[in-house]
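Subject: A structure for you to look at

Hi,

Here is the structure I promised to pass on. Please have it open while you read, and my notes follow below.

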Amino acid sequence: MGRSFANLHIKSNHLEKTIEALKALSEGSGEVLGKSSNPNQAVLDDAQSEQTQETVMYISSNENWISVLHDYFVWGTVKKAGKALSRLIEEPVITVGFINDEIFELSMFE
């Protein structure tokens with residue numbers, strides 16, 4: 001298995017609206033953020049160790065863009081999260097994914 005990296009960016013200056021949408025996404029469709037669809041089942045990481053059901057994201061913003069980093073976002077997972085988030089906030093969302101320095105994927109949702 002190779003190296004993978006991904007994140008998403010929202011074209012918006014409404015940070016609070018975005019945070020509320022991420023919370024709603026975590027609670028309503030948590031599987032796109034790496035949470036188990038069964039609240040009694042722990043999510044397993046690559047090392048097969050148990051994690052808590054708490055979702056931790058790093059969010060930064062400037063005048064026109066909000067960036068979201070999350071451990072679960074890798075190539076193959078971030079696109080689903082971006083699409084779902086775009087539906088909630090009705091703002092343009094861009095997802096970026098890399099794998100093995102060979103594949104680059106840029107997706108835009110509005």
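Is Glu91 buried or exposed, going by its relative accessibility? Before the answer, a word on the source: this is a predicted model, in which local features need pLDDT of at least 70 and side-chain atom pairs count only at pLDDT 80 or more, while totals for chains, interfaces and linings use all residues. Residues are numbered from 1 along each chain as its sequence is written, and side-chain values use heavy atoms, with hydrogens and water left out.

Now the answer: Glu91 counts as buried, at 16% relative accessibility. Here buried means under 20% relative accessible area, exposed means over 50%, and partly exposed is in between (1.4 Å probe, protein chains only).

Salt bridges

The structure holds 3 salt bridges, each being a side-chain nitrogen of Lys or Arg within 4 Å of a carboxyl oxygen of Asp or Glu. Glu91 takes part in one of them, with Lys17 as its partner at 3.9 Å, N to O. This pair links distant parts of the chain, 74 residues apart: Glu91 sits in the loop between α2 and β4, and Lys17 in helix α1. Helices (H or I, at least four residues) and strands (E, at least two) are DSSP runs, numbered from the N terminus. Lys17 is partly exposed, at 41%.

Lys79 and Glu105 form another salt bridge, with their closest N and O atoms 3.8 Å apart. Lys79 belongs to helix α2 and Glu105 to strand β5, so the pair ties together parts that are 26 residues apart in sequence. Lys79 is partly exposed with a relative accessible area of 38%, and Glu105 is partly exposed with 24%.

Glu20 and Lys23 also meet in a salt bridge, at 3.9 Å, N to O. They are 3 residues apart in helix α1, which means about one helical turn separates them.

The core

The largest nonpolar core has 18 residues, and those with the most contacts inside it include Leu8, Ile10 and Leu85. Such a core is a set of buried Ala, Val, Leu, Ile, Met, Phe, Trp, Tyr and Cys residues joined through side-chain atoms within 4.5 Å. Two or more residues each come from β1 (4-11), α1 (15-28), β3 (65-70) and α2 (78-89), and α2 gives the largest share, 5 residues. Leaving aside neighbours within four places in sequence, Leu85 is in contact (heavy atoms within 4.5 Å) with Leu8, Ile10, Ala21, Leu22 and Leu25.

You will find Thr95 in strand β4 (residues 93-99), buried with a relative accessible area of 1%. Not counting residues up to four places away in sequence, Thr95 touches, among others, Leu8, Lys79 and Glu105.

Aromatic rings and the surface

Rings of Phe, Tyr and Trp (its six-membered ring) pair if their centres lie within 6.5 Å; planes under 30 degrees apart count as stacked, over 60 as edge-to-face and the rest as tilted. By this rule the count comes to 2 aromatic pairs. One of them, Phe98 with Phe104, is tilted, at 5.1 Å centre to centre and 45 degrees between the planes. Ring pairs link Phe5, Phe98 and Phe104 into a cluster.

Phe5, in strand β1, is partly exposed at 44%, and Phe98 is partly exposed at 34%. Together with Phe104, Leu106 and Met108, Phe5 and Phe98 form a nonpolar patch on the surface, with about 540 Å² of accessible area. Patches are made of residues with over 30% relative accessible area and no salt bridge, where like charges are joined within 9 Å and nonpolar side chains (Val, Leu, Ile, Met, Phe, Trp, Tyr) within 5 Å. Accessible areas come from the Shrake-Rupley method with a 1.4 Å probe, and for residues only the protein chains shown count as cover. Strand β5 (residues 103-109) gives the most to this patch, with 3 residues.

Best wishes
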